[in-house]
Amino acid sequence: MLEEVAVNDTGDLIINVGPQHPSTHGVLHLIITLNGETIKNIDPNLGYIHRSIEKMCESLSYRQFIYVTSRMDYLSSHINNHACALTVEKGLQIEIPERAQYIRVIMDELTRLASHQLWWGAAAMDVGALTPFFHAFREREMINEIMEETCGARLTMNYNVPGGVMADIHPDFQRKTKEFLKFFKTKLPEYDEMVTGNIIFQNRMKNIGLITKEDAISYGCSGPTARASGVSCDIRKIHPYSIYDKVNFTESIQTSCDSYGRYLVRMEEMRQSISIIEQLIDNIPEGDFQAKTKAVIKLPKGEFYSRVETARGELGVYIVSEGGLTPYRIKFRSPGFSNLSALNHMARGQKIGDMVAIMATLDLVIPDIDR
Amino acid sequence: MDVNNKNPNQEPFPGDVHPTASGGIVVTKLDDVINWARSNSLWPLVFGTSCCAIEMMSAASAKYDWSRFGFEVARATPRQADVIIIAGTIVNKMAPVLKRLYDQMPDPKYVIAMGACATSGGPFFYNTYSVVKGADHIIPVDVYVAGCPPRPEALMHALISLQAKIKAGGRPEKMVIEHFYDKATK
Amino acid sequence: MEREALQARISAINAAVTFEEGGEMLNAFVEPAECRDLLQTLHNMDDLAFDYMFCLTCVDWKTHLTMVYHLESTKHRHIVVIKSKLDRENPEIDTMSDIWRTAELLEREVYELFGVRFINHPDLRKLLLSDEWEGWPLRKDYEDPINMIKL
């Protein structure tokens, strides 16, 4: 960490942004080399929330480690748990009942909506508009209430188990979800009016943070960051898992390669999530919510990898098992890590104020990067 | 100049002098008024490391509004903040940063440790090489909040307890946490 | 490309590559000295076109370390996993950061957690741990009696 503001030989100024700063993204420390107000280099200094999750999971059982992963990318915690449960189920080679799969996908899409709502409020706050934050949290609270009735927790809902879900849905779940969707559909046009069409917002976002399609693939970007550059990378479409091959939705792709494109991709994803939930909410089949598994799970010797699409991009869970009670090695391929590596490329040559706008649309959650 | 440095030629003060943490003021009934004013206008520092920060943001937003209790202005700089709410895990690399932020805050300052991670390491207690097992290894804590993450109502209860602690002025027998729902039913 | 065709194609590039039976994805083992050439060919050839590296990690098998690269092609949508066994006393392998830019930060992470040295890496230094940290935490023989409390 730099102890003082430094000026190097070419007259450039080196400043620290973070680790404690008012953008609500977490503890990220960027060492930025500036020439006047133009950025010459960004060097991320990570590790301020490195909680050694991968080492810790080597001593937890297969049922226990799933819940630590909700704390990794806590805004899409249900999707993280889904990825871990899928990997363990691949190893055990068991069949998940249809009811459990429907419930998992509906919860996934509700989590994605909640995450995008918070992103929208925080992105508007970063560029200076403070009111949308409160609008976003009002809608998010409605989703949190629905989650709390069924799963028992608002933020880190430990609801997935290997084999299905932990408990059946609350009797009010379908009714409340439909009410929420009806309410939220009237709010999305409001969001567009407030922020999307605002000329100041557009000037701050258009032509900022450009990254071409080949660079986005080379940097390993995924999720909305890559889709705004024209890369078709939605895991739900390319390698469908659970029942995503049975639902109708379009992948939202833009070709403008800039921050405004990333913003539009996420707004469109919210609409697609609403459509997915509407297709599924009335057709949840009867049946078991959990497949029968042994109380103590032991995976056979081998390696298992599963990929899901979180709200930020592609999450991969790689388990190497030696046949014991605990995993031998777990690696979490986090979407934020690769998206962050493209930040230096995107922000070079732009002004320091644009860096905040780029970070707002990259939607980074720092514990996801540091694990 | 310390309050205990007595000039031998000076007449004794007409009141009690309590060497409090803030440097000492002459105390009579004025102390109660000052404590009341302090507790109702605490400005928190924007400091959230992980998941508990989202619940802190929920407590700040419209449904569980904490600005009803005076925590309206959340400052980004520690020089203008009174209370630091440690929302999230503290790891070895972050510990000197936290200490530096705490040192930069002007007296009187208060600390709330929110969540299981800040209280004692939380779910990351066993088999981790980089987590500080509790924020009170670094700075002194006034109020601990349990939960992973604690509900916004739990955080509000912690804020109200802190206000009661300040009003009591260091005398534990005077601490009263008013239960607003009790008053409403009477 | 189908799995058998991919296997045949990779054997045609480098006959010393061995394959693992079973598994969900095609696993190939290659010597560390030949790893970079193989990966460069996989990236450049048009019918293979592996332009997306989605995972780079290392596994500690107490007698040796294994580097694991997961590659996918956005054009043809096939996946291959390349593995390379490294010597435990002196683990060294060429960097892939000029072929796939994502490898830059991923290799820094593997360096600080396992101690693998990447030759010709532009900027090999610690990423997640503080600069004074000693030892390679994710290796199986890492002991830290002060910080790690056993379950």
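This is a predicted model: local features need pLDDT of at least 70, side-chain atom pairs count only at pLDDT 80 or more; totals for chains, interfaces and linings use all residues.
Student: Which strands does helix α3 of chain A lie across, and at what angle does α3 run to β7(A)?

Tutor: Helix α3, residues 77-92 of chain A, lies across β7 and β8 of chain A, and its direction is at about 150° to that of β7(A).

Student: What is the order of the strands in this sheet?

Tutor: The order is β7-β8-β9 in chain A, an open sheet of 3 strands with antiparallel pairing. Its edge strands are β7 (302-309) and β9 (329-333) of chain A, each of which pairs on one side only, and the twist from one strand to the next averages 10°.

Student: How many bridges hold each pair of strands?

Tutor: Between β7(A) and β8(A), the latter spanning residues 314-321, there are 8 bridges in the antiparallel sense, and here A:Gly302 has A:Ser321 in β8(A) as its bridge partner. The antiparallel strands β8(A) and β9(A) are joined by 5 bridges, with A:Gly316 standing opposite A:Arg333 in β9(A).

Student: Which way do the side chains of β9(A) point, and are they buried or exposed?

Tutor: As a general idea, side chains in a regular strand alternate between the two faces of the sheet. In β9(A), A:Arg329, A:Lys331 and A:Arg333 point one way, whereas A:Ile330 and A:Phe332 point the other way, and all are buried. The strand β9(A) is accordingly described as mostly covered, with 5 of its 5 residues buried.

Conventions. Residues are numbered from 1 along each chain as its sequence is written. Chains are lettered from A and ligands numbered from 1 in the order in which they are written. Two strands pair if DSSP finds at least two bridges between them. Helices (H or I, at least four residues) and strands (E, at least two) are DSSP runs, numbered from the N terminus. Axes are lines fitted to C-alpha atoms, for helices over the stretch in contact, and angles run from 0 to 180 degrees between N-to-C directions. Two residues are in contact if their C-beta atoms, placed from the backbone, lie within 7 Å. A residue is buried if 20 or more other C-beta atoms lie within 10 Å of its own, exposed if 12 or fewer, and partly exposed in between; C-beta atoms are placed from the backbone.
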